[in-house]
Structures are given as structure tokens and as C-alpha cells.
Amino acid sequence: MKKLLGYVGNTGVVTEEDAKRLTHINVAFGHLYTDGSIHVDHLNIHERMDQIRAWNPDIKILVSLVPLMPEHADAFTACAASPDLRKKAAQSCVEMVEKYHFDGVDFDWEYPCVPSNGMSSSPADKENFTLFCQEVRDALDALGKHYLVTIAAGADLYYVESVELPKLAKILDHICLMTYDLKCGFHALAGHHTALYSSTGDVFRNSCDQALRLFHEAGVPKEKLLMGAGFYSRKWEGIADRNHGLLQICKTGGGYGPDYGDLEKDYINKNGFVRYWDDEAKAPWLFDGSTFLSYDDEESLREKCEYVKREDYGGIFYWEHKCDPSGKLLKTMAETLK
């Protein structure tokens with residue numbers, strides 16, 4: 001059975017239909033502090049977990065951890081570097097799953113060894129992250145029940161070279177490969193931010209397929225790799241009206257655009273925006289003559305789910321649940337995976 005995982009934030013509403021379609025929920029986000037403590041009291045999922053599990057007794061609900069910004073921006077690199085803080089963080093994970101009845105923990109460190117994301121980093125993050133995950137794995141295993149330990153990973157070569165993937169693959173239950181934002185604020189080129197394949201003429205050759213192959217070739221079993229889908233758009237403005245905006249240079253990088261629910265309501269073949277389909281990338285986009293929007297829709301998600309089945313990867317996940325209030329994207333994914 002392929003995994004179908006959704007990141008659910010505090011404003012996300014999980015219906016009975018959603019619960020029955022999902023295999024996993026990553027609750028976004030709990031907070032890791034620089035002292036190794038974990039804080040999840042602010043999450044309102046606690047009030048709904050019993051109901052979600054009544055609808056789907058097999059569902060796994062994990063809490064995804066990020067540093068509390070900006071006060072604890074350095075939490076991951078600090079905790080991973082210290083044997084004492086690794087033990088403290090692992091014990092905090094034990095206390096959290098026992099108190100709140102989570103099925104495991106997901107670490108969303110963006111990113112080990114990378115100094116460009118508003119937090120401290122060190123080349124030692126590479127080895128220390130392995131030690132950190134192993135410490136948590138051992139502490140949870142000591143409880144006598146299998147709790148899940150997973151990570152979210154950047155979907156390109158920089159991440160593969162910043163962690164010890166073969167070692168992590170033996171520790172982790174799966175890796176959520178963030179195959180979205182493949183075109184983002186770093187790219188002044190209007191293109192697909194979550195395309196299944198690269199398009200001819202794209203000078204930034206990144207795609208879901210390429211990232212999954214890269215991680216598998218680096219030592220991660222296919223069944224432990226989950227492809228990421230984006231329920232939101234990326235936007236480039238002030239683009240020349242050539243090639244319907246696709247692969248055109250822009251003065252700035254791609255910022256966040258509307259969520260899928262808003263795209264459907266106000267943008268897809270509305271208000272001057274025309275939907276186009278790139279059959280090479282298996283991805284849609286919108287263009288109104290100067291503004292380019294990249295996103296996932298039902299057609300691209302069917303292609304992704306068919307790929308996951310055909311290539312026998314572990315499953316697919318998406319960010320973020322609230323972006324699809326109608327539930328039609330999740331329904332498409334669940335039906336295609338079956």
C-alpha cells in the first residue's frame with residue numbers, strides 16, 4: 001500500500017473523507033528549542049486526534065518539528081552538535097509521544113550545513129544529524145513500540161551532499177522529499193515549481209523524477225521515499241509575453257502565489273489568466289500576459305501518483321492541507337493510488 005501523507009497545520013480541517021483517504025498526517029508544526037525541549041501545546045490537533053482515529057484506525061499521526069523562529073533558529077544545529085542536547089531532545093520526543101499519543105516525529109530541518117536560511121549551520125551538521133536521528137530512534141525504540149522517525153528533505157544535490165543518506169536510510173521510516181519550490185525565490189526564471197519532469201530549454205534541471213532518482217542512487221530504498229506535491233502556487237510577475245511566460249527571465253525570484261482553492265475560484269481560466277499544460281513536464285501553469293503561476297492540479301497529481309506506482313516509490317505527500325478546502329486534490333490522489 002502506498003503512503004498518502006498530508007501536512008496539516010493549525011487551520012487545517014480534516015474531514016471524515018480526508019481521514020479515510022490519508023495514511024499519515026504530519027502535524028505542522030511543533031517547535032524544537034535550543035535547550036533540547038519540544039513544545040506542542042499550541043497545536044489544536046490534540047482535540048481532534050481521537051475523532052480522526054475513529055474514522056481511520058490505521059492512520060498514523062506524527063508531529064513535524066521546526067525551530068521556533070527567530071528565538072531558537074539555531075535549535076537543530078545546536079542540539080545535533082551536543083551529546084547532552086541530543087539526549088535531551090530524544091527524551092523530549094519520548095515525553096511528547098507518550099503524553100499526546102502521537103505515532104512518531106518528523107524533523108523538518110531546512111537545512112543541515114546550509115547557512116542561507118536565517119539560522120546557524122556547520123559542516124559538522126552532516127554527521128551530527130545522523131547522530132541526532134539515531135539518538136531519537138533509540139529512545140523511542142526503548143518504549144517497546146515502533147514509533148515513526150521521519151524527515152523532510154530538500155530535493156536537490158546540495159541536500160544529498162549535506163547529510164549521510166545511507167546511514168539515515170537505516171534509521172528513518174521514510175523521507176518526505178520536498179519536490180516543490182523547485183523554482184522559488186532563488187530563481188529569477190518563471191518555471192514549474194513542482195514538475196514531474198524537466199522541460200526542454202529549462203536551464204535549472206530539477207524535477208520530482210530527478211530528485212527521487214538522485215536520493216535512491218545515493219542509498220535510500222525506493223519504499224522509503226515519498227514524492228512531494230504542492231497545493232499552492234509560485235508566482236513570477238513582470239514577464240515578457242513570450243512562450244506564454246514559461247521559462248522567461250524575471251527581475252525577481254518566484255514568490256508565493258495563491259493556494260489551490262483561490263486559484264480555482266479566481267484564476268484558472270478566469271480574470272485574464274489562461275491555463276496551459278506542459279506535456280513534457282506533466283505540469284500546468286497560468287499566464288495573463290505578464291504574471292506566471294505554477295501549481296499542481298488534478299491532472300498533474302494523477303501523473304505523479306501513476307509515476308509513484310509505476311516506479312514503485314513509497315508514496316506521495318503534500319503541503320498543505322488547508323490549501324485544498326474542497327478536498328478534490330486529495331480525492332484525486334487517493335483514487336489514483338488505488
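**View 1. Buried residues of helix α11.** In helix α11, the residues Leu-329, Leu-330, Thr-332, Met-333, Ala-334, Thr-336 and Leu-337 are buried; buried means under 20% relative accessible area, exposed over 50%, and partly exposed in between, with a 1.4 Å probe and protein chains only. The model is predicted: local features need pLDDT of at least 70, side-chain atom pairs count only at pLDDT 80 or more, and totals for chains, interfaces and linings use all residues. Residues are numbered from 1 along each chain as its sequence is written, and side-chain values use heavy atoms, with hydrogens and water left out. Helix α11 spans residues 328-337, and seven of its ten residues are buried, so this helix is largely enclosed by the rest of the structure. Helices (H or I, at least four residues) and strands (E, at least two) are DSSP runs, numbered from the N terminus. The buried residues of α11 pack against β1 (3-9), α1 (16-21), β8 (225-230), α9 (260-266), α10 (298-311) and β14 (315-319), where contact means heavy atoms within 4.5 Å.

**View 2. Helices α10 and α11.** Two packed helices are described by the angle between their axes and the distance between the axes. The axes of α10 and α11 come within 9 Å and cross at roughly 30°; axes are lines fitted to C-alpha atoms, for helices over the stretch in contact, and angles run from 0 to 180 degrees between N-to-C directions. The two helices α10 and α11 are therefore roughly parallel to each other (under 35 degrees is roughly parallel, over 145 roughly antiparallel, 65 to 115 roughly perpendicular, and the rest oblique). From α10, Glu-298, Leu-301, Arg-302, Cys-305, Glu-306 and Lys-309 meet Lys-328, Leu-329, Thr-332, Met-333, Thr-336 and Leu-337 of α11. The residues of this contact between α10 and α11 comprise five nonpolar, two polar and five charged; Ala, Val, Leu, Ile, Met, Phe, Trp, Tyr, Cys and Pro count as nonpolar, Asp, Glu, Lys and Arg as charged, and the others, Gly among them, as polar.

**View 3. Helices α4 and α5.** Helix α4 (residues 83-100) and helix α5 (residues 125-141) have axes that come within 9 Å and cross at roughly 40°. That makes α4 oblique to α5. Residues Arg-86, Lys-87, Ala-89, Ala-90, Cys-93, Val-94 and Val-97 of α4 meet Asn-128, Leu-131, Phe-132, Glu-135, Val-136, Ala-139 and Leu-140 of α5. The contact of α4 with α5 is formed by ten nonpolar residues, one polar and three charged.

**View 4. Ser-37 in its loop.** Ser-37 is located in the loop between β2 (24-32) and β3 (38-39). With 13% relative accessibility, Ser-37 counts as buried. Leaving aside residues up to four places away in sequence, Ser-37 touches His-31, Leu-32, Lys-88 and Ser-92.

**View 5. Arg-53 and His-101.** Arg-53 belongs to helix α2 (residues 49-55). Not counting residues up to four places away in sequence, Arg-53 touches Ile-59, Ile-61, His-101, Phe-102 and Asp-103. His-101 is placed in the loop between α4 and β5. At 53% relative accessibility, His-101 counts as exposed. The phi angle of His-101 is near 65°, a positive value in a residue other than glycine.

**View 6. Two cis peptide bonds.** The peptide bond from Glu-110 to Tyr-111 is cis, with omega near 5°, and Tyr-111 lies in the loop between β5 (104-107) and α5. Trp-319 and Glu-320 are also joined by a cis peptide bond, with omega about 0°. Glu-320 is found in the loop between β14 and α11.
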